Number of protein chains: 2
Amino acid sequence: MLKGKERVDSLLWRGLKIIQNPEWFCFSLDAVLLAYFATVRPGDRVVDLGTGTGVIPLLLVARTRKVRITGLEIKAEIIDMARRTISLNGLTEFISLVQGDIKNSTAILGLGQYDLVTSNPPYARASTGRISMSPIKAAAKAEILCNLEDVVREGTGLLNAEGRLALIHRPSRLAEIIFYMKQYGIEPKKMRFIYSRPEKEPNLVLVEGIKNGKKDLVVYPPLYVYDLSGSYSKEMTEIFSGSFLPKKW
Amino acid sequence: MLKGKERVDSLLWRGLKIIQNPEWFCFSLDAVLLAYFATVRPGDRVVDLGTGTGVIPLLLVARTRKVRITGLEIKAEIIDMARRTISLNGLTEFISLVQGDIKNSTAILGLGQYDLVTSNPPYARASTGRISMSPIKAAAKAEILCNLEDVVREGTGLLNAEGRLALIHRPSRLAEIIFYMKQYGIEPKKMRFIYSRPEKEPNLVLVEGIKNGKKDLVVYPPLYVYDLSGSYSKEMTEIFSGSFLPKKW
């Protein structure tokens with residue numbers, strides 16, 4: 001089941017497991033926050049762009065099993081690892097993985113057929129800073145293989161008439177996220193900032209937009225990861241424990 | 001000095017006074033927050049769009065007297081009142097008032113000559129809700145005489161090559177603010193949300209953009225008006241007291 005430096009880790013919700021290779025990347029809080037934030041409804045067809053280990057599809061399925069999720073991932077060796085994770089969890093009925101380039105998402109998966117597209121894309125601009133990591137790590141961190149506009153353009157193309165696009169990113173990129181969403185026909189509808197602590201600048205932002213949606217954005221209360229004493233906040237503890245998940249799965 | 005129902009109120013900083021007519025409108029926290037947030041530098045030429053009583057020019061001059069500020073206001077009776085306020089404070093050298101329509105700002109004040117444009121525009125869309133107030137109150141609250149796009153378009157036109165546009169608005173309009181800024185060539189550079197209390201949704205958002213600016217937005221820490229005990233927060237108390245103002249004026 002495991003290859004090379006891979007290991008099996010526990011994935012927070014409903015006893016899920018995830019195979020990870022720490023030389024590539026391990027799932028982050030960011031994926032958990034996006035899976036917690038995105039609006040997912042029973043019956044949804046979902047695509048996760050740049051799915052990596054499959055962490056976001058797994059966490060979305062943990063919210064409701066009445067979904068069909070496709071994870072798109074460009075790297076063959078990552079897809080191989082993610083496939084074994086889906087089998088390990090017995091979720092092949094709910095999650096399928098497709099190898100392909102985000103830039104060609106609509107050509108690969110078809111136009112206008114999905115209710116929700118999620119993505120935890122690379123955050124850094126391609127040109128900023130030196131890149132000294134492995135190619136897989138580098139492509140997960142910086143816009144080497146695709147950029148924010150690619151994700152929004154292709155994501156929008158995959159969505160049906162009232163489909164939702166949910167992203168997590170750095171607040172420094174928020175103006176671009178909103179601009180591209182509106183340019184490609186997605187109206188930003190809900191937004192939430194993640195703060196390491198109260199009284200600091202936010203580290204992350206969650207944004208969900210609706211294709212052809214009515215104007216009007218709801219900015220949610222701040223989500224603090226730690227409280228002022230340095231412990232996880234109440235909400236963060238609830239997220240980790242999965243206590244917000246419906247009892248019946 | 002006073003006409004009809006007018007009264008003279010104290011305006012927080014440096015002992016300034018303001019003439020207000022409570023039947024029209026009285027200065028709000030929003031104007032104070034914008035004047036506190038906007039980047040104003042010695043030597044700046046500034047325009048305040050829809051200046052009303054002149055509250056924003058007065059508060060900006062309280063930050064530094066090394067500026068020349070023009071307040072644009074459409075209503076003759078309001079300009080008349082604001083002019084008397086400027087005289088009362090002995091600030092005619094620093095603040096001038098021009099009667100005119102925001103939609104024609106660049107035709108009235110010229111293209112590309114200002115370092116900073118501020119505006120506390122009407123927040124509500126023209127079509128939402130019934131309008132039962134006086135025409136002056138109504139035009140201050142809803143987009144009857146001008147809308148957000150007018151403010152951003154004309155504001156951008158007034159600015160020189162690296163000029164700044166600083167606005168306060170409802171978070172529900174944030175996607176439009178960012179979209180129009182980027183569409184007209186302003187890059188959003190700093191943003192701050194105002195929360196009535198921690199753990200609630202924000203009530204207001206401050207945004208400042210730079211004409212032809214480099215991409216990269218800084219989202220500031222939350223500004224809480226009240227703390228959890230219901231008292232004014234420490235920062236709000238500092239804002240009201242003007243303790244952050246430079247000693248030398």
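Author: Let's begin with a term: two residues are in contact when they have heavy atoms within 4.5 Å of each other. By that rule, 29 residues of chain B touch 29 residues of chain A. Before going on, note that this is a predicted model, where local features need pLDDT of at least 70, side-chain atom pairs count only at pLDDT 80 or more, and totals for chains, interfaces and linings use all residues. Residues are numbered from 1 along each chain as its sequence is written, chains are lettered from A and ligands numbered from 1 in the order in which they are written, and side-chain values use heavy atoms, with hydrogens and water left out.

Now for the area. The two chains bury about 2400 Å² between them, with 66% of it on carbon and sulfur atoms (buried area is the accessible area, taken with a 1.4 Å probe, that two parts lose on being put together, summed over both). On the chain B side, A175(B), F179(B) and V219(B) lose the most area to chain A, together 20% of what that side buries.

What about charges? The rule finds two salt bridges across the interface of chain B and chain A, a salt bridge being a side-chain nitrogen of Lys or Arg within 4 Å of a carboxyl oxygen of Asp or Glu. D216(A) forms a salt bridge with R125(B), their closest N and O atoms lying 3.0 Å apart.

Which pieces of chain B touch chain A? α7 (174-183), β8 (186-195) and β10 (218-219) of chain B each supply at least two residues of that side; helices (H or I, at least four residues) and strands (E, at least two) are DSSP runs, numbered from the N terminus. α7(B) gives the most, with eight residues.

Stay with R125(B) a moment. R125(B) also forms a salt bridge with E176(B), with 2.9 Å between the closest N and O atoms. That pair links distant parts of the chain, 51 residues apart: R125(B) is in the loop between β6 (114-119) and α5 (135-141) of chain B, while E176(B) is in helix α7 of chain B.
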